[in-house]
Structures are given as structure tokens and as C-alpha cells.
Amino acid sequence: MNPKPHNTVFITGCSSGIGRETAKLFQSKGWNVAATMRNPGAETELNQLQNVICPPLDVTDVNSIQQAVQSTLDEFGYIDVVVNNAGYALMGAFETLDREQILRQFDTNVFGLMEVCRAVLPHFRSRNHGTLINVASMVGRFPLPLYSVYNASKFAVEGFTETLIYELENFNINVKLIEPGATNTHFFGRSSERQNRTGVKAYERYTQKVFAVMDAIGPAGGDSKAAAKTIWRAATEGSTQLRYATGSDAKAFLLARRLLPDRLFNRTIKVSLTPWALNTVGRLFYRPNTP
Ligand SMILES: NC(=O)c1ccc[n+]([C@@H]2O[C@H](COP(=O)([O-])OP(=O)(O)OC[C@H]3O[C@@H](n4cnc5c(N)ncnc54)[C@H](OP(=O)(O)O)[C@@H]3O)[C@@H](O)[C@H]2O)c1
């Protein structure tokens, strides 16, 4: 389905990666775009595009969320689609992460996303129209080693989003989950927090082994443009489909998750995170030197 011209999309976390590509894609299709970001003062590209505004928005700051929604309504009059994309990964063995790190992870990936929903749902209800797209992850449905807190945050996004279907269908509000696999963005760089704040050393050898493989996967992961296309499809195809996996690794692992018993699936993950697997089967999913 081709959308009507001048629909409006509101996206969080547009300074880089999937959010940025999504903003560009919707703009190129003729939509109004509120490409929100924490630091719009540093933006030089998106704010030069026609029908794009870059309101400041930090998902951990409720006032900034309300102001960004209001300035989008002031500029464009309405919002048709919200993409909750902002997020980062807290990584490491659970015992090496302190309470403050864990709260910040949930504040960003879960509570921030909920507050964006809270800010926009009255508008959606008043128009009896709207699509809410929450970016979870393939690891919102299965565990990866050293991702316990990030996994938990994305499992929370999955549970929260799926539950909203019951409440929102009566207001003609569509709900979607995007489940990216490894995607070559800043996610594996500046958006990955790995600081051992508790001083527990017991996991160091294991951690180094697993991180070495993950650090090879990151830059060889899928293209953020492909993830943006999946978000575009979710926003415009007019179906009630809930989940959209994006990336061949996400599709394969999610299929395995459905078919295999837990113990076998966990073994598959364990074997997948070895240099041997990365250099053999991994070549089906991950391309070295992806730009
Ligand atoms: N890349 C992957 O492999 C992958 C896989 C599965 C799911 N995802 C999910 O995809 C989403 C986008 O990540 P990405 O891969 O595009 O990584 P990215 O390039 O690092 O982008 C993350 C974006 O989130 C923003 N952000 C972080 N904390 C924020 C906050 N408190 N308020 C507002 N914005 C904030 C960042 O802004 P700043 O520039 O201000 O830091 C940045 O714009 C995330 O939810 C991530 O969990 C990514």
C-alpha cells in the first residue's frame, strides 16, 4: 500500500544507525519526519532535509518526550506512526554489573519507551488511528550469553508491546515489534556498555572469549538500511502482523527457537559463539567488511 503524502512519523534515537536510516527512508517516501535525538545541535544532515524536524528527546527525560511530541504536533498537526528505536546494550556477566547500570538500562530501553507511548497514545486515540512500532531485538525472544540485562530489557519490550494489542485494537491503533539481528551500527561500539563496576573477576576469561566473537560479528552484521525497510513495511503494509524479524541471523535463530527444545537451543547458541562457527556457518549470516 502506498501511504498518503504527508503522513507523519515520530522516531526516537535518530543520531545514528537504524533510527537515522528510518528517518531518511520515510523522508524519501514523502513523509513528515520528527527525527528526535539527544543532541540535535550536532546534527548537520537530517535537519537540512525537507519536512524533517529534529526535536531534542532523551527517553529518560519525560519533559523532553512531552515537548518533542508537542513540537511535532505544532509543526505537522498530527502523528501517524511512532517508532520507539532509542536503546543501547549493557553487556557483561550479571555479577559484574551494578544496580545503577541495570536501572539505567531499563530506564532507557523499557521505561523510556513506555513514556513515549504514554505521550502519544492520547493523540492516537483522539484520531482513532495510529501505529506504534517498538524496536526490540532477536534477543527479545531468546538469550545470548553476557546479555542478561539487555535480554531482560528486550523481553520486557516484547511482553509490554504484545499486551498493548488488547487495549489498543478498539481505538484502531496498530502495534508492531521489530526484531533485528546483528546490525552494523554503533550498537557494538559506543552504544555498548561493558564496564565491570563490581570488581568481580571470576568471569573474565569467559567474557573475553565471548566478546572476541561478538566483536567480530558486529561490523559484519546486517545493514541498517535493511532494518529501516522492515520498519517501513511494518508501518505501511496495512496488516495486523505483530512481529517483524530483520536480518538472516534473526530469522534463522528465531526459527530454531520455535523448533528446538530449550537445552538444544542453548547448545546451538553456545556453539554459534565460537570462532569455528563464525568462520563456517556464520558466513551464511555475517559478511566481513560490511560498510
Ligand atoms: N545493531 C544491532 O545489532 C541491534 C540488534 C537488535 C536490536 N537493536 C536495537 O536497535 C535500536 C537502535 O540501535 P542501533 O543498532 O541503531 O544503534 P546505534 O547506532 O547506537 O543507535 C542507538 C540510538 O539510540 C540513541 N539513544 C541511546 N540512549 C538514548 C536516550 N536515553 N534517549 C534518546 N536516545 C538514546 C542513541 O543516541 P546518542 O547518539 O545520543 O547516543 C542512538 O541514536 C536499539 O533499540 C537497539 O537495542 C540493535
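The structure is a predicted model, in which local features need pLDDT of at least 70 and side-chain atom pairs count only at pLDDT 80 or more, while totals for chains, interfaces and linings use all residues. Residues are numbered from 1 along each chain as its sequence is written, and side-chain values use heavy atoms, with hydrogens and water left out.

**Stop 1: the ligand**

A side-chain N or O atom of Tyr150 lies 2.6 Å from an oxygen atom of the ligand. For Thr185, a polar side-chain atom is 2.6 Å from a ligand oxygen. At Ile18 the backbone takes part instead: one of its N or O atoms is 2.8 Å from an oxygen atom of the ligand. Of the 890 Å² of accessible area that the ligand has on its own, the protein covers 95%; such areas come from the Shrake-Rupley method with a 1.4 Å probe, and for residues only the protein chains shown count as cover. Helices (H or I, at least four residues) and strands (E, at least two) are DSSP runs, numbered from the N terminus.

**Stop 2: the nonpolar cores**

A nonpolar core is a set of buried Ala, Val, Leu, Ile, Met, Phe, Trp, Tyr and Cys residues joined through side-chain atoms within 4.5 Å. Buried means under 20% relative accessible area, exposed over 50%, and partly exposed in between (1.4 Å probe, protein chains only). The largest core has 32 residues, and those with the most contacts inside it are Phe10, Ile79, Val82, Leu121, Phe124, Leu132 and Leu168. Elements that contribute two or more residues are helix H2 (62-76), helix H3 (99-127), H4 and strand E7 (173-180). H3 supplies the largest share, 8 residues.

Centre the view on Leu132. Beyond neighbours within four places in sequence, its contacts (heavy atoms within 4.5 Å) include Val82, Cys117, Leu121, Phe124, Leu164 and Leu168. Apart from this core lies another, of 28 residues, among them Met138, Phe211, Ala220 and Leu273.

**Stop 3**

Select Thr12, in the loop between strand E1 (8-11) and H1. Thr12 is buried because its relative accessible area is 1%. Its side chain reaches the backbone nitrogen of Asn85 at 2.9 Å. Not counting residues up to four places away in sequence, Thr12 also touches residues including Thr36, Leu57, Val59 and Val116.

Move to Asp80, in the loop between H2 and strand E4 (81-84). Its relative accessibility is 5%, so Asp80 counts as buried. The side chains of Asp80 and His129 are joined by a polar contact of 2.8 Å.

Then select Pro180 in strand E7, which counts as buried at 8% relative accessibility. Among its contacts, leaving aside neighbours within four places in sequence, are Ile18, Val135, Met138 and Ala250.

**Stop 3: backbone angles and a helix residue**

Asn51 lies in the loop between strand E2 (32-35) and strand E3 (52-53). Asn51 has a positive phi of about 65° although it is not a glycine, and at 31% relative accessibility it counts as partly exposed. Leu146, in the loop between strand E6 (130-135) and H4, also has a positive phi, near 65°. Leu146 is buried, with a relative accessible area of 8%.

Finish at Arg104 in helix H3, partly exposed at 35% relative accessibility. Arg104 touches Tyr88 and Glu193, not counting residues up to four places away in sequence. The C-alpha atoms of Arg104 and Thr230 are separated by 28 Å, with the two residues 126 apart along the chain.

Notes. Polar contact = N/O pair within 3.5 Å; in protein donor to acceptor, adjacent residues only side chain to side chain.
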